[in-house]
Amino acid sequence: MILRFCTRTVVKMGMVKPCALVSSCHLMKPVSRTCVNGRCLTYQQALPTQPVPTLQHTCERYLILLEPFVEVDELKRTKQLVQEFLKPGGVGEKLQKGLEKKALNTDNWLADYMVQTDYLDNRLPVVAYSNISGSFPRMDFRDKQGQIRCAAKVIRAILDFKTMIDNETIPVDYLRGKPLCMNQYSQLLSSCRIPGLEMDSVVFHGKTSYPSRYITLAYNSQFFMVDVYNSDGTPLTVHQLCVQLERICSSSLETSTEPVGILTSLNRDSWSKCYDRLIQDKPNKEALSAIQRSICVVCLDKAMPQVPDDMYSRGNVLQMMHGGGSQWNSANRWFDKSVQFIIGEDGAFGNNVSHSCADGTIGMTLTDYVSASIKKLEIIESPTVPLPTPQKLHFNITADIKKAIEEAKQSIDKIVQDLDFSILSFSHYGKNFLKANKMSPDPFIQMAIQLAYYRVHRQHCASYEAASMRLFRQGRVGEIPSTSSASVAFVVAFNDPNKKNTLFCCLLFFGVTSVFENTEKVDLLRKAIEVHKWNTSMEISGQTVFGHFLGLQHQATEKNIPMPDIFTDASFDRVFDYRLATSQVQSKSGCLPCACPYQRKTYDICYTLLKDDMAFVLSAFKTNTENNSEELKKAVEDALLDMRTIL
């Protein structure tokens with residue numbers, strides 16, 4: 001991670017607000033990592049700023065994207081709206097000039113608008129609708145001591161990664177041989193989302209004059225400040241960290257303390273009102289500030305109900321995403337925090353990342369580093385040095401906050417019951433097989449997903465794949481449109497029952513496969529793949545259709561201009577009201593990247609593509625009875641197997 005536009009909302013008239021200021025105190029195309037002499041920010045100032053595409057080019061591409069979804073008459077009407085929008089001296093030209101002016105005065109106009117629209121303005125809970133997570137295979141311990149040892153190693157690995165961030169020695173990320181923006185790494189730790197009425201904010205404490213020297217430990221739904229550096233500035237050893245964690249676990253038995261952390265799972269307006277009431281009390285305000293400023297949150301979870309080994313992966317994905325509910329570990333979280341690492345007493349392991357602070361690929365880099373490090377770190381007893389006692393954070397809870405906590409319990413339990421995950425471990429082939437058949441692996445997978453959706457729902461849908469926009473300074477994520485006229489042509493031809501009958505007749509009477517039919521399908525597949533590759537190149541080079549339109553909509557709102565008809569037309573939703581949100585997030589450590597649908601009518605699919613196999617994590621909401629993640633999972637597997645037969 002996952003990595004991506006997991007909370008994408010199509011902007012309607014009147015819904016865009018003036019650009020939010022992100023206070024300073026996503027999942028995507030895979031990137032390569034290269035060690036270079038010097039610091040990771042060496043290329044930062046040389047990176048180009050996010051370009052503004054030409055209005056003509058974006059509108060032409062929009063009409064092309066629209067073709068699979070509308071009839072001739074509707075397309076003709078939309079073309080007239082586009083022509084009106086493009087008139088010299090018209091509203092389109094005025095908005096374009098405003099956006100070009102903004103681009104001259106900011107590092108990245110698209111990132112500003114994207115963070116605001118997708119995250120800070122979004123009023124849905126961050127649990128499931130925004131945050132992303134990573135899930136690991138079960139660790140080799142089943143007791144408190146093993147949990148403490150693992151957590152101590154995780155903390156030390158995070159501190160070592162933080163040292164690389166602070167010293168700017170993280171290996172530079174590259175995409176297609178070009179260096180990427182590395183700024184998000186400085187925002188990954190010591191950061192937090194802050195609830196606000198109508199709009200949230202994000203605080204970054206990593207680069208302040210007094211950086212954090214402690215982590216927040218969550219245990220039994222209580223929170224503790226744990227100093228993780230010695231007086232000389234060196235990180236605590238794994239053994240010293242074990243001592244500190246044991247202090248907490250031995251003194252913090254389950255109590256009747258109100259689980260304040262569960263408030264962070266509320267919808268943002270409800271949480272904001274509670275937050276405003278909490279900070280009126282000085283101890284509460286200090287406790288909240290302590291969590292926000294801490295390096296990260298480490299959660300020591302109680303064991304979840306036992307399940308068969310073949311069900312563990314799904315259960316662990318759910319635990320990392322939402323904690324399992326109010327009776328389990330959902331209150332043992334601070335969902336606003338940029339990074340939470342989660343270690344269960346039963347060997348559960350993973351993390352939860354705030355997408356508003358950093359994208360999925362950035363979080364996965366930290367995740368892979370931690371996973372590799374804990375396998376190497378040893379617990380060597382060190383000389384006894386007096387360590388400061390971990391400080392428990394205390395909250396004064398009023399009757400109205402207590403009532404809100406009960407409401408939060410009910411809210412998170414509804415999310416837990418509604419959210420469904422299915423996991424596909426596909427071992428029949430991977431990218432080596434596809435490359436050997438001269439197929440570009442990622443677009444091939446995208447076509448398989450579209451074929452699977454069509455087989456389940458008997459219709460095509462708007463879909464996108466998340467892409468890295470970090471070729472530009474301060475870049476975040478973009479959307480590659482996956483559905484095209486070429487992809488629809490392939491799906492229809494591949495699923496045509498008449499052609500299946502033709503193939504059957506060939507086999508029956510001639511004993512040979514239908515070479516001509518397979519050649520036709522392969523040709524259509526290759527055309528669809530080439531279109532997807534072209535759309536990918538357009539997106540990562542800054543020629544973004546949705547992003548451009550998003551910027552123009554914001555300009556209309558900021559200038560008090562009525563929203564142009566092109567954006568309120570029904571055709572606009574047909575292209576951008578997605579039913580499939582997908583992202584490829586590579587992991588070197590076997591971590592499953594996970595995300596949830598940004599709206600109830602959408603599926604989310606995260607996948608990892610390896611040399612000889614691949615894995616998919618599919619999610620949907622049960623209350624939308626039209627969607628079924630298990631059924632789509634089976635359809636994806638069948639599509640991958642069926643498509644192999646034509647190669």
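Which element gives the largest share of the lining of the largest cavity? In this predicted model, the answer is strand S15, with three residues.

The largest cavity itself holds about 110 Å³ of space. Strand S15 covers residues 477–481, and it is joined in the lining by helix H19 (545–558) and helix H21 (570–576); these are the elements that give two or more residues each. Altogether, 16 residues line the largest cavity. Those that lie nearest its centre are Leu-65, Pro-481, Val-575, Phe-576 and Tyr-578. As for the make-up of this lining, ten of the residues are nonpolar, four are polar and two are charged.

Next comes the second largest cavity, with a volume of about 60 Å³. Here the elements that contribute two or more lining residues are helix H6, running over 144–167, and helix H7, spanning 185–188. Helix H6 has the largest share, at three residues. The lining of the second largest cavity consists of Lys-162, Ile-165, Asp-166, Tyr-185, Ser-186, Leu-189, Ser-190, Gly-206 and Lys-207. By type, these residues split into three nonpolar, three polar and three charged.

Technical notes:
Residues are numbered from 1 along each chain as its sequence is written. This is a predicted model: local features need pLDDT of at least 70, side-chain atom pairs count only at pLDDT 80 or more; totals for chains, interfaces and linings use all residues. Side-chain values use heavy atoms; hydrogens and water are left out. On a 1 Å grid over the protein atoms alone, a cavity is a set of points where a 1.4 Å probe fits but cannot get out, and a pocket is an open set with protein on both sides within 12 Å along at least five of seven lines; lining residues have an atom within 4 Å of a point. Grid points are joined across faces, edges and corners, and a volume is the space filled by probe spheres set on the points. Helices (H or I, at least four residues) and strands (E, at least two) are DSSP runs, numbered from the N terminus. Ala, Val, Leu, Ile, Met, Phe, Trp, Tyr, Cys and Pro count as nonpolar, Asp, Glu, Lys and Arg as charged, and the others, Gly among them, as polar.
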